[in-house]
There are 2 protein chains.
Amino acid sequence: MQRKTQFRDVFYVSDGTAITSETVGHAVLGQFPLDTKQTTLPFVETIERANYVKNIIDQAHSKRGMQPIVFYSVVIPEVKAILEQSNALLYDVLHAMVAPLAKDLDLEPKPQLQRSHSIKKDTDSYMDRIAAIEYTLAHDDGVSLNNLDQADIILLGVSRCGKTPTSLYLAMQFGIRAVNYPFIAEDMARLKLPQAIEPYRYKTFGLTINSDRLQAIRQERMADSDYASQHQCETELDKVEAMFRREAIPYLNTSSLSVEEISTRLLDMSGLKRRMC
Amino acid sequence: MQRKTQFRDVFYVSDGTAITSETVGHAVLGQFPLDTKQTTLPFVETIERANYVKNIIDQAHSKRGMQPIVFYSVVIPEVKAILEQSNALLYDVLHAMVAPLAKDLDLEPKPQLQRSHSIKKDTDSYMDRIAAIEYTLAHDDGVSLNNLDQADIILLGVSRCGKTPTSLYLAMQFGIRAVNYPFIAEDMARLKLPQAIEPYRYKTFGLTINSDRLQAIRQERMADSDYASQHQCETELDKVEAMFRREAIPYLNTSSLSVEEISTRLLDMSGLKRRMC
C-alpha cells in the first residue's frame, strides 16, 4: 500500500477555454495523494503556441527529473501532434469516452473547436443567462421585491448564510432568476413572510447554517459586534428555522456545503430544472 | 459516412453534484450529431435512490425502445453496482483516466465522495471566494472606485459589452476581485481614464463588441432609444477603442465569445492566475 505523497507538475492544455480539462483533471487528481503545482494553458490554437507549450512541459520535466501530468483536450490535429511529443504523462480527457460512444452509437464523431463553454452571444440561451444575472443582481439582499412573478426561486435566511453566492451561481450556471431576502434583527420579534412574498410562497426556499459557522463568518465582517455575538446568531437561527418549519418552507443547512453543492441540492429538492448555460 | 440525427435520452448521475459528469458529457456529446433529452440526477447516495434512478433509466429505455446514454461518477460501491445494472449505454466519466494514472504513478487511487466542487466553508479558499464576490458586487458598474488597491483586475468598456457577467464569473470561478467601469455617453466628449483608476492602470483591461451586436443588446433593453441607436453605439465604440489604443490598454472583442471564453482569454492575456474555487 504505497500512500506516500509524490510531487508532480500538472498542466491543463486546450485549444479552447481548458475548463473541461481542469474539471476532469481536478476530479481525477482528487483521488490520489499528490502534491501538485498546477498550470492552465488555454487557447493553444497555433503551431507556434503548441511548441511554446511543449517547451514549458519539457522544461518542467528537466527541472524536476519527473514527467509532468498533462490533461488535455485539443481538436486541431497539428497542435495535438506537437503536444503529444511532450515528455509527460498525457491524458486526453475526452477521447476515452468519445471512442466507445462512437462505437456504441454507430456514429462518427466530429471534433469541434471550442465545442463546450462557447455558446454564442446571439442565442436565446445567452440572452436568458444575461437576463437571469441582471434579475438576480436587482433582487439581491432584499433590495427589491418587485416582479416576483418572474422569479424562479426566492431564497430566505439570516444575514451571511450563503444566499448571495448561491443566487449568483444559480443565475450564472443555470440561467435561474433568483431572489434573495435576508431576515434581519428587527424582524425577529414577529417573524413572518414579507407580504410581497406571500403570493409566491411556493417559490420560497430557506437556507440555514450552524451558529458557530455563522458567528465566525460575521466575526470576520464585523468583529465583536452584537451582530456577530453568539446570542444574536443563535436567536436569529432559532427563530428563522422555526418559521421555516411553521410555514412548511423547505430548507437546507449550508454549513458543510460548497456553493456548487448548495445550488445543485437546492435544484434537486425544489424540482427546478437546470438550464445549461 | 452516417450523419443522420439520432435521438437519445441522456442522464447525468452522481453521488455528488453531478457537475463533473455534466461537463464531460456535454463536451463528449458536442462531437456527435444527436438530438437529446437531458436529465441530471445528483446526490444519489442511498440504495433506495439508486433503485429509483435505475427505474427512471429503464423506463426511458422501454418508452423509446432505445438505450439511454448515462454519464456517471459514483463512489459508493452499492450505488454504483445498482446503477450499472441499468439498461443503458454507461460511461464512467473518471474511471477511464483514474486507472491509467494509477498505473503510471504507481499510486493507489482512493475514491472520495464529493471529491470535487465541495470545498468546505471553513477553508481560506471558501472565504477568499466569498470575499471576491462581495468585492466584485460592490465595484460593479462603476458604483464604487474605492479600494482599487485590492482589485485584481479593472474592466473597462461601454455599457452592455459584457463587463458585469465577466466580472461575476471571474469572482465566482476564480476568486478574482474584479472592478468594472462603464464609459457612458457623457464621457465621450473628452474620453479619458477616471482619475481614481489612473494609479492602477496596470490592472486595466478593455472589453469591446461589434456595433451591430451592441445595438441588438441595447435594443432589447431600451427599444428605439438614442442609447440603442446605430449612431450612438458606433460613436461610443469608436471613441472607447481609440482610447484603449492610445492608452495602451489591452482589450478583447467579446462579440463571438461566451462569458467563459471572455474570462479565460482575459486571464490568459493579463497573466492573472486562476485560483481554483
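Predicted model: local features only at pLDDT ≥ 70, side-chain atom pairs only at ≥ 80, totals over all residues.
**Ground rules.** I kept local features at pLDDT of at least 70 and side-chain atom pairs at pLDDT 80 or more, while totals for chains, interfaces and linings use all residues. Residues count from 1 along each chain, chains are lettered from A, and side-chain values use heavy atoms, without hydrogens and water.

**Domains.** I looked up chain A and found domain 1 at 6–105 and domain 2 at 124–270 (bounds from an automatic or database assignment). Their C-alpha centres sit 39 Å apart.

**Second largest pocket.** I get a volume of about 840 Å³ (the space filled by probe spheres set on the grid points, joined across faces, edges and corners). A pocket here is an open set of points on a 1 Å grid where a 1.4 Å probe fits, with protein on both sides within 12 Å along at least five of seven lines; lining residues have an atom within 4 Å of a point. The lining has 33 residues, and A:Glu134 and B:Arg221 are among the closest to the centre. By class I count 17 nonpolar, five polar (Gly goes here) and eleven charged.

**Helix 6 pair.** Helix 6 of chain A packs on helix 6 of chain B at about 120°, axes 11 Å apart (lines fitted to C-alpha atoms over the stretch in contact, angles from 0 to 180 degrees between N-to-C directions; helices are DSSP H or I runs of at least four residues). Contacts (heavy atoms within 4.5 Å) include A:Tyr169 and B:Tyr169. I noted eight nonpolar, two polar and no charged residues there.

Definitions and conventions:
Helix = DSSP H or I, 4+ residues; strand = E, 2+ residues; numbered from the N terminus.
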